[in-house]
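Dear colleague,

I am handing over the structure below, and after it I set out what was found in it. Please read the notes with the coordinates open beside them.

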Amino acid sequence: MKAIVCTQLGGPELLELQERASPPLRPRELRVAVKSAGVNFPDSLQIAGKYQMKLDPPFTPGAEVAGVITEIGSAVTRYQIGDAIAAFVPSGGYAEECVVSAEAALPLPANLDPADAGGFPLVYGTTLHALKQRGQLKAGETLLVLGAAGGVGLAAVQLGKLMGARVIAAASSPEKLALCQQHGADALIDYRQESLKDAIKTLTKGLGADVIYDPVGGALGEECLSCVAWNGRYLVIGFAAGPIPNLAANRLLLKGAAAVGVFWGAFAMREPALNLANFQQLFGWIESGQLKPYISARYPLAQAGQALRDMMDRKVTGKIVLIP
Ligand SMILES: NC(=O)c1ccc[n+]([C@@H]2O[C@H](COP(=O)([O-])OP(=O)(O)OC[C@H]3O[C@@H](n4cnc5c(N)ncnc54)[C@H](OP(=O)(O)O)[C@@H]3O)[C@@H](O)[C@H]2O)c1
């Protein structure tokens with residue numbers, strides 16, 4: 001099978017397309033013919049050796065796939081050859097074939113094509129966990145989303161609306177904000193043109209946002225604590241801008257607010273039943289036509305490096321996937 005291989009830690013230009021042996025299948029695993037593989041920001045960190053979970057080269061990056069089952073481990077009873085599933089995997093997604101734990105597999109609803117689902121688990125799994133379990137978002141509350149046209153950001157715009165919130169999308173260009181509006185955002189802030197703090201003050205009549213979803217961090221993350229409402233929740237999702245924000249504890253005190261960490265991968269491992277219930281809710285929204293995952297670009301497997309480079313250069317919106 002063909003797979004993308006990180007042979008040395010560094011930039012995406014160093015990735016190679018290689019012919020590799022099919023990985024062995026253990027009793028509780030499924031072999032999947034990959035129809036699409038999600039490209040995620042953490043992949044760019046992992047190939048550079050900068051992610052929390054470090055892998056030694058050579059390895060195949062890629063944390064999520066969707067496809068069709070081609071082989072079933074001897075201890076698995078639930079699935080049949082040909083079933084369409086998606087899964088979050090520790091690595092190995094950028095390949096024609098991937099071995100996934102049967103426990104991690106998510107059977108896809110009939111109206112979600114595996115060629116479109118490879119970018120689904122991570123961004124929607126993270127975002128529903130963030131808004132529901134960590135942010136306790138309630139209908140009628142105001143949700144501010146930073147990096148709102150990005151992978152997790154656009155998912156937050158969509159899920160925030162489905163949960164009944166008023167969604168304020170913040171991003172770096174009018175084109176990105178127009179995409180957020182198409183996906184339901186109620187108000188827009190271009191943080192390259194205006195101060196986040198002033199814009200939120202105007203849009204919320206001085207009250208601030210009840211929940212802030214921040215995958216960007218850096219100086220914008222630090223500004224968020226001036227935008228949070230009384231009893232608000234600032235959700236620490238990630239640091240796409242690079243620097244980890246230094247949070248001013250006095251602002252949390254003055255607002256009776258909380259800064260709340262979100263780590264979906266660990267949640268999925270530690271609380272699998274709750275994670276599964278979240279996916280049942282997500283797939284229910286898809287089946288009823290209320291939620292449609294957005295994919296802005298599909299790249300051939302051989303162009304994995306270019307896909308990651310485009311993501312790192314802030315050129316992509318929503319999700320991008322690799323098609324083996
Ligand atoms: N906590 C968790 O469980 C979890 C799960 C998934 C992802 N994450 C994290 O969430 C973050 C976003 O992931 P994603 O997949 O949504 O990435 P993405 O699609 O690339 O979106 C990130 C957004 O951040 C903004 N950004 C600001 N400065 C940037 C910079 N220097 N480089 C790149 N983007 C920049 C961009 O929006 P603008 O151009 O509009 O500013 C971009 O759309 C990452 O840090 C990732 O590790 C965390």
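Before the helix packing, one definition is needed: an axis here is a line fitted to C-alpha atoms, for helices over the stretch in contact, and angles run from 0 to 180 degrees between N-to-C directions. Please also keep in mind throughout that this is a predicted model.

With that convention, the axes of α3 and helix α10 (residues 272–287) come within 10 Å and cross at roughly 110°. That makes α3 roughly perpendicular to α10, because angles from 65 to 115 degrees are counted in that class. On the α3 side the contact is made by Phe 120, Pro 121, Tyr 124, Gly 125, Leu 128, His 129, Lys 132 and Gln 133, and on the α10 side by Leu 274, Asn 278, Phe 279, Gln 281, Leu 282, Phe 283, Trp 285 and Ile 286. Sorted by residue type, the contact of α3 with α10 has 10 nonpolar residues, 5 polar and 1 charged.

Helix α3 (residues 120–134) also packs against helix α4 (residues 151–162), at an angle of about 55° and with the axes 9 Å apart. That makes α3 oblique to α4, and the crossing of these two helices is right-handed. From α3, the residues Val 123, Tyr 124, Thr 126, Thr 127, Leu 128 and Leu 131 take part, and they meet Gly 151, Val 152, Ala 155, Ala 156, Gln 158, Leu 159 and Gly 160 in α4. The residues of this contact of α3 with α4 divide into 8 nonpolar and 5 polar, with no charged residue among them.

Turning to charged pairs, a search of the whole structure finds 11 salt bridges. One of them joins the side chains of Lys 2 and Glu 19, at 3.6 Å from N to O; this pair links distant parts of the chain, since Lys 2 is in strand β1 (residues 2–5) and Glu 19 in strand β2 (residues 16–19), 17 residues apart. Lys 2 counts as partly exposed because its relative accessibility is 38%, whereas Glu 19, with a relative accessible area of 55%, is exposed.

The side chains of Arg 31 and Glu 97 likewise meet in a salt bridge, at 3.3 Å from N to O. Here strand β3 (residues 29–39), which holds Arg 31, is linked to strand β6 (residues 97–101), which holds Glu 97, and the two residues are 66 apart in the chain. Both Arg 31 and Glu 97 are buried.

A further salt bridge is formed by Asp 186 with Lys 161, the closest N and O atoms being 2.9 Å apart. Asp 186 lies in the loop between α5 and β10 and Lys 161 in helix α4, so the pair ties together parts that are 25 residues apart in sequence. Asp 186 is partly exposed, with a relative accessible area of 42%, and Lys 161, at 31% relative accessibility, also counts as partly exposed.

Finally, His 183 is placed in the loop between α5 (174–182) and β10 (187–190). His 183 counts as buried because its relative accessibility is 19%, the cut-off for buried being under 20%. Leaving aside residues up to four places away in sequence, His 183 touches Leu 154, Val 157, Gln 158 and Tyr 294.

Technical notes: Residues numbered from 1 in each chain as written. Predicted model: local features only at pLDDT ≥ 70, side-chain atom pairs only at ≥ 80, totals over all residues. Heavy atoms only, no water. Helix = DSSP H or I, 4+ residues; strand = E, 2+ residues; numbered from the N terminus. Buried < 20%, exposed > 50% of the residue type's maximum accessible area, 1.4 Å probe, protein only. Contact = heavy atoms within 4.5 Å. Parallel < 35°, antiparallel > 145°, perpendicular 65-115°, else oblique. Left-handed = near helix turned anticlockwise from the far one by under 90°. Nonpolar A, V, L, I, M, F, W, Y, C, P; charged D, E, K, R; others polar. Salt bridge = Lys/Arg side-chain N within 4 Å of Asp/Glu carboxyl O.
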